[in-house]
Amino acid sequence: MGNKIDGLQDEVDTYLEKLPEECFKADTVSALAEAIGVDAGNLQAEVDAYNTGTDAEWGKDSANMWAVKTAPFYAFRISSGMVNTSGGIRINTNAQVIDARGKAVSGLYAAGVCTSGWDGEVYGNGTCQAAGLWAGRAAAKHIVEHVL
């Protein structure tokens with residue numbers, strides 16, 4: 001099994017104590033499902049599928065999979081947030097989303113740093129607001145002139 005992470009259990013215990021609405025611990029998969037408000041049968045089916053040591057759905061290498069069989073079981077409420085992304089949806093100079101051939105998708109516009117093709121494929125520091133403002137304005141102008 002993987003390498004031990006020094007202090008991890010102490011850290012987990014601290015979170016369990018200080019954030020009981022975000023961190024959960026149970027002696028059974030069924031009890032964990034109840035604690036986090038999900039269907040126990042579905043959670044058990046996911047654990048059982050994972051414990052086969054294969055991951056056809058996500059393609060995880062079996063060398064990096066360890067069976068989830070020994071209590072206690074833990075769950076943590078997580079969320080993610082992004083300041084921005086770099087590249088992604090390709091747009092033209094009218095902020096129209098373009099397909100793989102470079103053809104505009106009728107009626108579909110995108111703005112901000114989730115887009116690419118307007119200033120390269122990497123994030124240029126300080127362009128978050130500018131990219132959003134520019135593309136939003138370009139999209140609005142194009143819509144007024146060509147759609148409305």
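This is a predicted model: local features need pLDDT of at least 70, side-chain atom pairs count only at pLDDT 80 or more; totals for chains, interfaces and linings use all residues.

Student: Where does Val-147 lie?
Tutor: Val-147 sits in the segment after helix H4 (128–146). Helices here are DSSP runs of H or I with at least four residues, strands are E runs of at least two, and both are numbered from the N terminus.

Student: Buried or exposed?
Tutor: Val-147 counts as exposed because its relative accessibility is 52%. Buried means under 20% relative accessible area, exposed over 50%, partly exposed in between (1.4 Å probe, protein chains only).

Student: OK, new topic. How do H2 and H3 cross?
Tutor: The axes of H2 (residues 29–36) and H3 (residues 40–50) come within 9 Å and cross at roughly 125°. The two helices are therefore oblique to each other. Angles under 35 degrees count as roughly parallel, over 145 as roughly antiparallel, 65 to 115 as roughly perpendicular, and the rest as oblique.

Student: Which peptide bond is cis?
Tutor: The one from Ala-71 to Pro-72, with omega near 5°. Pro-72 lies in the loop between H3 and strand E2 (73–76).

Student: And what is phi of Ala-95?
Tutor: Near 65°, a positive value in a residue other than glycine. Ala-95 is in the loop between strand E3 (89–90) and strand E4 (96–98). Ala-95 is buried, at 0% relative accessible area.

Methods. Residues are numbered from 1 along each chain as its sequence is written. Side-chain values use heavy atoms; hydrogens and water are left out. Axes are lines fitted to C-alpha atoms, for helices over the stretch in contact, and angles run from 0 to 180 degrees between N-to-C directions.
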